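Me: Please take a close look at one part of this model and follow its charged side chains. I would like the cut-offs stated as you go.

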Amino acid sequence: RRRVRLIEQLESEIEHLEAEIAEITEKMMLPENLADHQLLAELNTKMEEDNSILAEKYEEWEQLSQEK
């Protein structure tokens, strides 16, 4: 079914985004990166973008999950 495939695709994308956000968070916490303000700013921008996309994916997933 098309809806089931879309839900599975969204779940995969959500999982990927969550992993990417976790990786960015880890990079931001590395002692060698704490003094690199440019790198931290770039990582923060990427994390904000990913969080925004993640919120959209969660919303899509929720809507599809509630459809019958």
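Reply: Glu 56 belongs to helix H2, which covers residues 37-66; helices here are DSSP runs (H or I, at least four residues; strands, E, at least two), numbered from the N terminus. The model is predicted, so local features need pLDDT of at least 70 and side-chain atom pairs count only at pLDDT 80 or more, while totals for chains, interfaces and linings use all residues. Residues are numbered from 1 along each chain as its sequence is written, and side-chain values use heavy atoms, with hydrogens and water left out.

With 46% relative accessibility, Glu 56 is classed as partly exposed (buried is under 20% relative accessible area, exposed over 50%, partly exposed in between; 1.4 Å probe, protein chains only). Together with Glu 59, Glu 60 and Glu 62, Glu 56 forms a negative surface patch. Patch members have over 30% relative accessible area and no salt bridge; like charges are joined within 9 Å, and nonpolar side chains (Val, Leu, Ile, Met, Phe, Trp, Tyr) within 5 Å. Asp and Glu count as negative, Lys and Arg as positive, and His and the chain ends are not counted. A charge is placed at NZ of Lys, CZ of Arg, CG of Asp or CD of Glu. The areas come from the Shrake-Rupley method with a 1.4 Å probe, only the protein chains shown counting as cover for residues.

Four salt bridges are present in the structure (a side-chain nitrogen of Lys or Arg within 4 Å of a carboxyl oxygen of Asp or Glu). Lys 57 and Glu 13 form one, at 2.7 Å from N to O. This pair joins distant parts of the chain, with Lys 57 in helix H2 and Glu 13 in helix H1 (residues 2-29), 44 residues apart. Lys 57 is buried at 19%, and Glu 13 is partly exposed at 25%.

Glu 20 is bridged to Lys 46, with 3.0 Å between the closest N and O atoms. Since Glu 20 is in helix H1 and Lys 46 in helix H2, the pair ties together parts 26 residues apart in sequence. Lys 46 also meets Asp 50 in a salt bridge, 3.0 Å from N to O. Asp 50 and Lys 46 are four residues apart in helix H2, so about one helical turn separates them. Lys 46 is partly exposed at 34%, whereas Asp 50 is buried at 1%. Beyond four places in sequence, Asp 50 contacts Leu 17, Glu 20, Ile 21 and Ile 24 (contact: heavy atoms within 4.5 Å).
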